[in-house]
Amino acid sequence: MYLFTSEKTVPSRSSPKSFISTPLGEVHMELYINEKPLSHFAMVETKSFDLHHGGILYSYVTPALIAELVFCKPPSSLAPHMSIDGICGAVWRVKPLVDQLSVKYSATLRTQKLLEGGANSGEGLDALTWYTNTHMLTIGTEDGPMLTHRGKKNEQMPNCFYTYDELAQQEIVQYVNDALVVPIPSLPKNEICQVHFVIAWKKHDGQPEDDVSTWYAVDMVGKDILSAEELA
């Protein structure tokens, strides 16, 4: 455990996994380095850690980078008339050990179910929402302007979007088939880059188009997600 800090972790025997099971299917967290999946790289070290409140952290060390992924249940602060059945946060941190790595984070829904829905972004949030005849699910992440703002403030994000105008910032996060993709170009050596996804789901009452509970549930910032496990 190199990129997160906590006084309340213990080594785990759990084998690393990169997906979250939901009623609509599995949501896979994938990391690409210079367009190649993390699994392509020879691992110097792979470890798992159990977190204090039921979450888990996976740590991967290669000669080119350190990558760590946290899965946890973030706190929910929905309005009284809203509800969800489940929520999970996934927070990546990547630290390049060499210069000029490009990194791409993605959250992809893999399912055999027949789905309706699609993109539904808002201020500060890029999101995808799908529903079946019984359930609905939303995946969300910070939008381009939020990533740019974090980069300017050096908040676990390199300042690599400083030349982007407002329109270009809106197009940083990509909607690709059944996935949200966050590409980060040319990471400087030793600078940590954090990107998160939040997944929320519920059984709906037959009118999912009118229910925004899962959308509001995934509208979170990284520090609030990590507060669930007292991570910094």
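Here is a short walk through the structure, from its overall build to a few charged pairs.

The model is predicted, so to speak of a local feature requires pLDDT of at least 70, and side-chain atom pairs count only at pLDDT 80 or more, while totals for chains, interfaces and linings use all residues. Residues are numbered from 1 along each chain as its sequence is written, and side-chain values use heavy atoms, without hydrogens and water.

Let us start with the fold. The protein holds four helices and 15 strands (DSSP runs, H or I of at least four residues for helices and E of at least two for strands, numbered from the N terminus). Of its 232 residues, 49% are buried, where buried means under 20% relative accessible area, exposed over 50% and partly exposed in between, with a 1.4 Å probe and protein chains only.

Now to the charged pairs. The protein has four salt bridges, each a side-chain nitrogen of Lys or Arg within 4 Å of a carboxyl oxygen of Asp or Glu. In one of them, E30 meets R110, with the closest N and O atoms 2.3 Å apart. E30 sits in strand β3 and R110 in strand β9, so this pair ties together parts 80 residues apart in sequence. E30 is buried at 17% relative accessible area, whereas R110 is partly exposed at 43%.

K104 pairs with E35, their closest N and O atoms being 3.2 Å apart. K104 is partly exposed at 22%, and E35 is exposed at 59%.

Finally, R150 and E142 form a salt bridge at 2.7 Å between the closest N and O atoms. Here R150 is buried at 7%, and E142 is buried at 4%.
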